[in-house]
Every structure is written in structure tokens, then in C-alpha cells.
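Thanks for coming, everyone. Let me put the structure up, and then we can walk through some charged side chains.

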Amino acid sequence: QYDVTGGYWQRYQELAERFAGLAPEDERGPTEVASSLQNLGTLAEAQGKLEQALAYITSASNMRARHVDVAGSEAIVALANSLSWKGRILGQMGRQWEARATVASALELISNTRRTGDSNLLVQDETNLRWILGWTDHT
């Protein structure tokens, strides 16, 4: 099952990379590449391939961070999502301090975004990240 899914996600990554190369001015290219890397990372995590998962998720979060200014709050939420996955994987690898700092960065992104345009989804994201960190104050 993972091999079939992995094949689809690999093909998606190839197509996303191709699209990004053909239309470098289109912000959807990096967004699609980052999404493909994120999906490959979550698949690798499900297979227990944590080093590979971390590499994919780190690449996705780095790409998202480079394009967050031009893409708006959806891009910020996607970056926070990547960072929370990265924190999860780091935690599974026993790298608790890095995991906590990474999830705290995701929380900061969401909290700051809520200050400029709140929504129920942002509240849910912030609540989930606070729960992961064990923070109950909602300042």
C-alpha cells in the first residue's frame, strides 16, 4: 500500500517541480512542490523512516518559509502545519528540545496571524498547538 501511495506522491512531486520550472513567476509552483514534499514526509513517517521524513518535511517547511510573504495567511498556516509535523518527527527521534522549539515557532506563526485576521480554523490550529506544547493559557 505504501509503495503505491509513494509512487503517486513521487509522480506528484515530479509534476510539481516541472510546473514550478515552467512558470517560475507563479507562486503555485513552490506551493505545490512544498505540498508534495510534505506528503512524502508524512508517508515516510508512517513507514517509520524518520530521517527521510525529517528531510522531506524540512525541505517543505524551508520552501514554505521562503514564499510565505507573498502568499498570505494560507501560506502561513501551511508553514505552521509543516513545522508542527517537523516537531512531531523530531519528538519521535528523541530530539525533544528541537521538537518543542519547532512547535513553538508554529504556534507563534498562528498566534500572530490571528491578530490580523481571525477565523475558527486559526483558533483550532492555535488550540491544537498549545495542547501539543502543554500550554493552557490563551493570551
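Start with Glu51, which sits in helix α3, residues 50-71. Helices here are DSSP runs of H or I, at least four residues long, numbered from the N terminus. Glu51 is exposed, at 58% relative accessibility. For the cut-offs, exposed means over 50% relative accessible area, buried means under 20%, and partly exposed is in between, using a 1.4 Å probe and protein chains only.

A word on what you are looking at. This is a predicted model, where local features need pLDDT of at least 70 and side-chain atom pairs count only at pLDDT 80 or more, while totals for chains, interfaces and linings use all residues. Residues are numbered from 1 along each chain as its sequence is written, and side-chain values use heavy atoms, with hydrogens and water left out.

Now the salt bridges. How many does a search of the whole structure find? The count is 6. A salt bridge here is a side-chain nitrogen of Lys or Arg within 4 Å of a carboxyl oxygen of Asp or Glu.

Take Arg11 and Glu14. They form a salt bridge, with the closest N and O atoms 3.5 Å apart. Both belong to helix α1, residues 2-22, and are 3 residues apart, so about one helical turn separates them. Glu14 is partly exposed, at 45%. Arg11 is partly exposed too, with a relative accessible area of 45%.

Next, Asp26 and Arg28. Their side chains meet in a salt bridge, 2.5 Å from N to O. Is each end buried or exposed? Arg28 is exposed, at 54%. Asp26 counts as buried, at 18% relative accessibility.

Then there is helix α6, residues 120-133. Glu126 and Arg130 pair up there in a salt bridge, at 2.9 Å, N to O. Why can they face each other? They are 4 residues apart in that helix, which means a separation of about one helical turn. Glu126 is buried, with a relative accessible area of 5%. Arg130 is buried as well, at 6%.

Which residues are linked in the network of salt bridges? Arg114 joins Glu126 and Arg130 in it.

That's my tour. Over to you.

Conventions:
Helices (H or I, at least four residues) and strands (E, at least two) are DSSP runs, numbered from the N terminus.
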